[in-house]
Amino acid sequence: MGRLIKWLKEKLTSLFRKKGDTVPAGIQVFDKKGTEIISITDRLTRIVGVKRFDTIEASGSVTLKLAKGQHIWYFLNAYTDDNDVNIMNFTNLYDLIVTDDTISWKLRSYAEQYKGRPCKIALIYGVM
């Protein structure tokens, strides 16, 4: 009986032991041959910040600190309520550009006339 318990303990310990100094956090799936087919250990998303647009701006940018292999994501979200009228549609007025570690927005030339008008859009951005 003691040998069985010792054997089981060794097998369970080796099952949860990972070669190297660190054990990844996340989910990994392997095929029959042991080849990794899915890994979300390095692609969990994190919200880094929110830029609120209360008025139409000419342009701007935000730079994020990226770790190796990380990518920027963003999402536009309106925060208007029932009492808001004549709020400008943000997505038609701006060009949004992601380059390396920066998200930039620039008012399109035809939209210059709207600069300073009310706008209730949040640019939510992060890394994955």
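Which residues do ring pairs link into a cluster?

Modeller: This is a predicted model, in which local features need pLDDT of at least 70 and side-chain atom pairs count only at pLDDT 80 or more, while totals for chains, interfaces and linings use all residues. Residues are numbered from 1 along each chain as its sequence is written, and side-chain values use heavy atoms, with hydrogens and water left out. The cluster that ring pairs hold together consists of F53, Y94 and W105. Searching the whole structure gives two aromatic pairs, where rings of Phe, Tyr and Trp (its six-membered ring) pair if their centres lie within 6.5 Å, and planes under 30 degrees apart count as stacked, over 60 as edge-to-face and the rest as tilted. F53 and Y94 make a tilted pair, with 5.9 Å from centre to centre and 50 degrees between the planes. This pair joins distant parts of the chain, since F53 lies in strand 3 (residues 46–55) and Y94 in strand 6 (residues 94–99), 41 residues apart; strands here are DSSP runs (E, at least two residues), numbered from the N terminus. F53 counts as buried because its relative accessibility is 0%, and Y94 is buried as well, at 2%, buried meaning under 20% relative accessible area with a 1.4 Å probe, protein chains only. F53 also pairs with W105, edge-to-face, at 5.3 Å centre to centre and 80 degrees between the planes. Here too distant parts of the chain are linked, from strand 3 to W105 in strand 7 (residues 102–107), 52 residues apart, and both F53 and W105 are buried.

Notes:
Helices (H or I, at least four residues) and strands (E, at least two) are DSSP runs, numbered from the N terminus. Buried means under 20% relative accessible area, exposed over 50%, partly exposed in between (1.4 Å probe, protein chains only).
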